[in-house]
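Me: I'm new to this one and would like to learn how to read it. Can you walk me through a few features?

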Amino acid sequence: HSFASLRHLKSKQLRIKEQIGEGTCGKVFRAYFNGAEVALKILKTVDEFEAEGTCPVDAAATFRQEMDILGRCAHPKIIALIEGNFQHEGRDAMVLELMKCNLEEYFERRRSVFTGPFRAPASLVVKWAFDIAQAIKCLHEMAPQIIHRDIKPRNVLIAFNNSAILSDMGLCKVDIVNPPV
């Protein structure tokens, strides 16, 4: 992808619903794109960074790197980039496949005041570990190799079929020194 000239989507193609997440560089919204329910990730504004007391100088470059990595990763265990390389209201944006929730939310929603923390069945935990291992393997086998560097419950999404999907490539390192073996 070349991000030199970001294009603008027609407003009828994109309809934003509620905010469903937020990361270091962007906010994620439930949206409709060409009639399909999706996740829309939009780069935060300078005002939003200042209000948080943060100001990542390279936020736009980080956001575009994430778009580039996702654009090159077609793997069922890595979040799918549906549409990238565009701006929404003057900010870089990308359309991603919509997931049910992240792993942190999955456990929090199942927590009970009566029974305490939710304990997932061992078979499901093993499945999720295998799913994430497949995603990491894909990233590490790319040329140049991609190192995720931010795997945590908020960045592991749970699909509607209960698969674990790796997301948030914002802190990835592209390792051109150590090619995959």
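Me: How many residues of strand β5 are buried?

Reply: Buried means under 20% relative accessible area. This is a predicted model, and in it six of the eight residues of β5 (residues 81-88) are buried, so the strand is mostly covered.

Me: Which way do β5 and strand β6 run, and how many bridges join them?

Reply: Strands count as paired if there are at least two bridges between them. Here β5 and β6 (residues 91-96) run antiparallel, with five bridges joining them. As one spot to look at, find L81: L96 in β6 stands opposite.

Me: What about the turn in that hairpin: how many residues are between the strands?

Reply: Two residues sit between β5 and β6, and E89 in this hairpin takes a positive phi near 50°.

Me: Which residues does F160 contact, leaving aside neighbours within four places in sequence?

Reply: Contact means heavy atoms within 4.5 Å. For F160 that gives L98, M99 and K100. K100 is 60 residues away along the chain, yet the C-alpha atoms of F160 and K100 are separated by 5.4 Å.

Me: And where is A143?

Reply: A143 is in the loop between α4 (122-141) and β8 (145-147). A143 is exposed because its relative accessible area is 67%. Its C-alpha atom is separated by 8.6 Å from that of D175, 32 residues apart along the chain.

Notes
Residues numbered from 1 in each chain as written. Predicted model: local features only at pLDDT ≥ 70, side-chain atom pairs only at ≥ 80, totals over all residues. Heavy atoms only, no water. Helix = DSSP H or I, 4+ residues; strand = E, 2+ residues; numbered from the N terminus. Buried < 20%, exposed > 50% of the residue type's maximum accessible area, 1.4 Å probe, protein only.
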